[in-house]
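Morning, everyone. Let me take you through a structure that may be new to you. Please have a look at the screen.

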Amino acid sequence: MTDFFGWTTSHTVMLGLLLGFAIAHSGLAALRPWGEGKIGPRLYRVLFALVSIPLATVLIIYFFNHRYDGAMLWHLQGVPGVKPTVWILSAISFLFLYPATFNLLEIAAIARPEVHLFETGIIRITRHPQMVGQIIWCVAHTLWLGTTFTLVTSLGLIAHHLFAVWHGDRRLAAKYGEAFTAAKARTAIVPFRALLDGRQTLVWSEFFRPAYAGVILFTLLLWWGHPWLMTVTARVPW
(Lines give C-alpha, C1' and ligand atoms only; values in the text may rest on other atoms or scores of the structure.)
Protein backbone atom coordinates (compact mmCIF):
# COMPACT_ATOMS: atom_id res chain seq x y z
CA MET A 1 0.00 0.00 0.00
CA THR A 2 1.12 3.57 -0.73
CA ASP A 3 0.10 6.73 1.09
CA PHE A 4 0.14 10.31 -0.15
CA PHE A 5 3.88 10.71 0.42
CA GLY A 6 4.80 7.52 -1.41
CA TRP A 7 5.54 5.54 1.74
CA THR A 8 4.98 1.81 1.26
CA THR A 9 5.27 -1.23 3.49
CA SER A 10 8.60 -1.97 1.82
CA HIS A 11 10.00 1.33 3.15
CA THR A 12 9.23 0.19 6.70
CA VAL A 13 10.62 -3.29 6.07
CA MET A 14 13.85 -1.86 4.67
CA LEU A 15 14.32 0.42 7.68
CA GLY A 16 13.78 -2.60 9.92
CA LEU A 17 16.32 -4.64 7.96
CA LEU A 18 18.85 -1.80 8.11
CA LEU A 19 18.35 -1.41 11.86
CA GLY A 20 18.74 -5.15 12.39
CA PHE A 21 21.94 -5.25 10.35
CA ALA A 22 23.34 -2.20 12.14
CA ILE A 23 22.66 -3.68 15.58
CA ALA A 24 24.15 -7.06 14.65
CA HIS A 25 27.17 -5.69 12.78
CA SER A 26 28.13 -2.88 15.16
CA GLY A 27 27.11 -4.90 18.19
CA LEU A 28 29.39 -7.80 17.28
CA ALA A 29 32.18 -5.31 16.56
CA ALA A 30 31.74 -3.80 20.02
CA LEU A 31 31.74 -7.26 21.63
CA ARG A 32 34.86 -8.34 19.76
CA PRO A 33 37.36 -8.03 22.65
CA TRP A 34 35.04 -10.00 24.96
CA GLY A 35 34.15 -12.57 22.29
CA GLU A 36 37.73 -13.16 21.22
CA GLY A 37 38.63 -13.75 24.86
CA LYS A 38 35.95 -16.45 25.06
CA ILE A 39 36.30 -18.32 21.75
CA GLY A 40 39.43 -16.90 20.10
CA PRO A 41 39.92 -14.40 17.22
CA ARG A 42 39.47 -16.86 14.34
CA LEU A 43 36.24 -18.42 15.59
CA TYR A 44 34.84 -14.99 16.46
CA ARG A 45 35.64 -13.81 12.91
CA VAL A 46 33.71 -16.81 11.56
CA LEU A 47 30.78 -15.99 13.86
CA PHE A 48 30.88 -12.37 12.70
CA ALA A 49 30.77 -13.46 9.07
CA LEU A 50 28.00 -16.03 9.65
CA VAL A 51 25.81 -13.26 11.10
CA SER A 52 26.78 -10.30 8.91
CA ILE A 53 26.92 -11.89 5.44
CA PRO A 54 23.40 -13.40 5.44
CA LEU A 55 21.92 -10.15 6.78
CA ALA A 56 23.77 -8.13 4.14
CA THR A 57 22.61 -10.54 1.42
CA VAL A 58 18.98 -10.13 2.49
CA LEU A 59 19.41 -6.34 2.42
CA ILE A 60 20.88 -6.38 -1.09
CA ILE A 61 18.21 -8.65 -2.52
CA TYR A 62 15.39 -6.68 -0.90
CA PHE A 63 16.82 -3.42 -2.20
CA PHE A 64 17.12 -4.76 -5.74
CA ASN A 65 13.56 -6.05 -5.73
CA HIS A 66 11.96 -2.90 -4.29
CA ARG A 67 14.18 -0.13 -5.65
CA TYR A 68 11.33 1.41 -7.65
CA ASP A 69 8.81 1.35 -4.78
CA GLY A 70 7.17 4.52 -3.54
CA ALA A 71 6.98 7.88 -5.25
CA MET A 72 9.24 8.88 -8.15
CA LEU A 73 11.04 12.04 -7.02
CA TRP A 74 12.89 12.53 -10.32
CA HIS A 75 13.62 10.57 -13.47
CA LEU A 76 17.07 11.27 -14.92
CA GLN A 77 17.88 7.93 -16.54
CA GLY A 78 17.38 9.30 -20.04
CA VAL A 79 19.41 12.46 -19.46
CA PRO A 80 22.72 12.42 -21.39
CA GLY A 81 25.72 11.86 -19.15
CA VAL A 82 23.79 10.59 -16.13
CA LYS A 83 24.48 6.89 -16.72
CA PRO A 84 28.28 7.22 -17.06
CA THR A 85 28.29 9.59 -14.07
CA VAL A 86 26.53 6.97 -11.96
CA TRP A 87 28.97 4.26 -13.03
CA ILE A 88 32.00 6.46 -12.39
CA LEU A 89 30.71 7.41 -8.94
CA SER A 90 29.98 3.75 -8.19
CA ALA A 91 33.50 2.75 -9.21
CA ILE A 92 34.98 5.47 -7.00
CA SER A 93 32.77 4.35 -4.12
CA PHE A 94 34.15 0.80 -4.35
CA LEU A 95 37.71 2.15 -4.20
CA PHE A 96 36.81 3.68 -0.84
CA LEU A 97 34.57 0.89 0.43
CA TYR A 98 36.70 -2.20 0.04
CA PRO A 99 40.46 -1.50 0.32
CA ALA A 100 39.81 -0.36 3.90
CA THR A 101 40.40 -3.99 4.81
CA PHE A 102 43.62 -5.05 3.10
CA ASN A 103 44.24 -8.22 5.07
CA LEU A 104 42.13 -10.72 3.16
CA LEU A 105 43.63 -13.69 5.00
CA GLU A 106 42.42 -12.18 8.27
CA ILE A 107 38.95 -11.61 6.85
CA ALA A 108 38.79 -15.29 5.94
CA ALA A 109 40.15 -16.16 9.42
CA ILE A 110 43.12 -17.99 7.81
CA ALA A 111 45.50 -15.57 9.52
CA ARG A 112 44.83 -14.39 13.07
CA PRO A 113 42.36 -11.45 12.82
CA GLU A 114 43.66 -8.21 14.30
CA VAL A 115 42.39 -4.65 14.80
CA HIS A 116 44.86 -2.52 12.83
CA LEU A 117 45.78 1.13 13.11
CA PHE A 118 46.30 2.11 9.47
CA GLU A 119 47.67 5.47 8.39
CA THR A 120 48.73 4.83 4.81
CA GLY A 121 47.16 4.62 1.37
CA ILE A 122 43.55 5.69 1.25
CA ILE A 123 43.62 6.46 5.00
CA ARG A 124 45.71 9.51 4.09
CA ILE A 125 42.66 10.76 2.16
CA THR A 126 40.11 9.93 4.85
CA ARG A 127 40.31 8.03 8.12
CA HIS A 128 36.95 6.39 7.38
CA PRO A 129 36.96 5.35 3.70
CA GLN A 130 34.03 2.97 4.08
CA MET A 131 31.79 5.82 5.24
CA VAL A 132 32.91 8.01 2.32
CA GLY A 133 32.45 5.17 -0.15
CA GLN A 134 28.96 4.42 1.15
CA ILE A 135 27.89 8.05 0.80
CA ILE A 136 29.20 8.18 -2.78
CA TRP A 137 27.39 4.91 -3.60
CA CYS A 138 24.15 6.23 -2.11
CA VAL A 139 24.37 9.51 -4.02
CA ALA A 140 24.97 7.66 -7.30
CA HIS A 141 22.12 5.18 -6.90
CA THR A 142 19.64 7.70 -5.53
CA LEU A 143 20.44 9.94 -8.50
CA TRP A 144 19.84 7.06 -10.91
CA LEU A 145 16.70 5.55 -9.37
CA GLY A 146 15.05 8.68 -7.97
CA THR A 147 12.51 6.87 -5.77
CA THR A 148 11.52 7.45 -2.18
CA PHE A 149 12.48 3.84 -1.39
CA THR A 150 16.02 4.42 -2.63
CA LEU A 151 16.22 7.71 -0.74
CA VAL A 152 15.07 6.07 2.51
CA THR A 153 17.54 3.21 2.01
CA SER A 154 20.38 5.64 1.32
CA LEU A 155 19.62 7.76 4.38
CA GLY A 156 19.55 4.63 6.53
CA LEU A 157 22.87 3.38 5.17
CA ILE A 158 24.51 6.77 5.64
CA ALA A 159 23.18 7.04 9.20
CA HIS A 160 24.68 3.67 10.06
CA HIS A 161 28.06 4.58 8.58
CA LEU A 162 28.13 7.92 10.39
CA PHE A 163 27.51 6.04 13.61
CA ALA A 164 30.30 3.64 12.60
CA VAL A 165 32.71 6.61 12.37
CA TRP A 166 32.19 7.34 16.08
CA HIS A 167 32.05 3.66 16.95
CA GLY A 168 35.22 2.80 15.04
CA ASP A 169 37.20 5.65 16.54
CA ARG A 170 36.01 4.66 20.00
CA ARG A 171 37.19 1.05 19.54
CA LEU A 172 40.57 2.14 18.14
CA ALA A 173 41.03 4.56 21.03
CA ALA A 174 40.27 1.79 23.51
CA LYS A 175 42.82 -0.52 21.90
CA TYR A 176 45.64 1.86 20.97
CA GLY A 177 45.24 4.78 23.37
CA GLU A 178 47.76 7.56 22.72
CA ALA A 179 48.92 5.96 19.46
CA PHE A 180 45.42 6.40 18.05
CA THR A 181 45.18 9.94 19.43
CA ALA A 182 48.35 10.80 17.49
CA ALA A 183 47.11 9.07 14.33
CA LYS A 184 43.76 10.83 14.67
CA ALA A 185 45.54 14.19 14.81
CA ARG A 186 47.39 13.37 11.57
CA THR A 187 44.29 12.22 9.66
CA ALA A 188 40.80 13.51 8.95
CA ILE A 189 37.29 12.18 8.41
CA VAL A 190 36.46 14.69 5.66
CA PRO A 191 38.11 13.51 2.42
CA PHE A 192 41.33 15.35 1.44
CA ARG A 193 41.18 17.67 4.45
CA ALA A 194 44.39 16.30 6.00
CA LEU A 195 46.11 16.59 2.61
CA LEU A 196 44.98 20.15 2.05
CA ASP A 197 46.11 21.40 5.45
CA GLY A 198 49.48 19.64 5.23
CA ARG A 199 48.99 16.88 7.78
CA GLN A 200 49.32 14.20 5.11
CA THR A 201 51.06 13.70 1.77
CA LEU A 202 49.96 11.12 -0.80
CA VAL A 203 52.46 8.34 -1.41
CA TRP A 204 51.35 6.87 -4.72
CA SER A 205 53.37 3.68 -4.29
CA GLU A 206 51.07 2.77 -1.39
CA PHE A 207 48.18 2.38 -3.85
CA PHE A 208 49.95 -0.32 -5.87
CA ARG A 209 48.46 -3.15 -3.85
CA PRO A 210 46.50 -6.25 -4.88
CA ALA A 211 43.46 -4.92 -3.01
CA TYR A 212 43.07 -2.00 -5.42
CA ALA A 213 43.51 -4.23 -8.48
CA GLY A 214 40.90 -6.55 -7.00
CA VAL A 215 38.43 -3.70 -6.55
CA ILE A 216 38.92 -2.57 -10.16
CA LEU A 217 38.36 -6.13 -11.38
CA PHE A 218 35.30 -6.44 -9.14
CA THR A 219 33.85 -3.21 -10.57
CA LEU A 220 34.34 -4.44 -14.13
CA LEU A 221 32.73 -7.79 -13.31
CA LEU A 222 29.82 -6.03 -11.63
CA TRP A 223 29.30 -3.83 -14.69
CA TRP A 224 29.32 -6.92 -16.92
CA GLY A 225 27.07 -9.02 -14.66
CA HIS A 226 24.65 -6.30 -13.54
CA PRO A 227 21.75 -7.39 -15.81
CA TRP A 228 22.20 -11.02 -14.73
CA LEU A 229 22.24 -9.98 -11.07
CA MET A 230 18.95 -8.10 -11.47
CA THR A 231 17.38 -11.17 -13.11
CA VAL A 232 18.54 -13.57 -10.40
CA THR A 233 17.42 -11.44 -7.46
CA ALA A 234 14.04 -10.82 -9.08
CA ARG A 235 13.33 -14.54 -8.69
CA VAL A 236 13.41 -14.21 -4.91
CA PRO A 237 9.77 -13.64 -3.80
CA TRP A 238 10.43 -10.80 -1.37
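Start with Thr 219, which has 12% relative accessibility and therefore counts as buried, since the cut-off is under 20%. Keep in mind that this is a predicted model.

Where does Thr 219 sit? In helix H10. What does Thr 219 touch, leaving out residues up to four places away in sequence? Ala 91 and Phe 94.

Now stay with H10, which covers residues 210-234. Helix H3 packs against H10 at an angle of about 95°, and their axes are 9 Å apart. So H3 and H10 are roughly perpendicular to each other. Who makes the contact? From H3, we have Ile 61, Phe 64 and Asn 65. From H10, we have Leu 229, Met 230, Thr 233 and Ala 234. By type, the residues of this H3 and H10 contact are five nonpolar, two polar and no charged.

Next, follow H3 to another partner. H3 runs over residues 41-66, and helix H2 over residues 32-39. The axes of H2 and H3 come within 7 Å, crossing at roughly 120°. The H2 and H3 crossing is right-handed.

Which residues meet there? H2 brings Arg 32, Gly 35, Glu 36 and Ile 39. H3 brings Pro 41, Leu 43, Tyr 44, Arg 45 and Leu 47. In the contact of H2 with H3, five residues are nonpolar, one is polar and three are charged.

Conventions
Residues numbered from 1 in each chain as written. Predicted model: local features only at pLDDT ≥ 70, side-chain atom pairs only at ≥ 80, totals over all residues. Heavy atoms only, no water. Axes fitted to C-alpha atoms, helices over the stretch in contact; angles between N-to-C directions. Helix = DSSP H or I, 4+ residues; strand = E, 2+ residues; numbered from the N terminus. Left-handed = near helix turned anticlockwise from the far one by under 90°. Contact = heavy atoms within 4.5 Å. Nonpolar A, V, L, I, M, F, W, Y, C, P; charged D, E, K, R; others polar. Parallel < 35°, antiparallel > 145°, perpendicular 65-115°, else oblique. Buried < 20%, exposed > 50% of the residue type's maximum accessible area, 1.4 Å probe, protein only.
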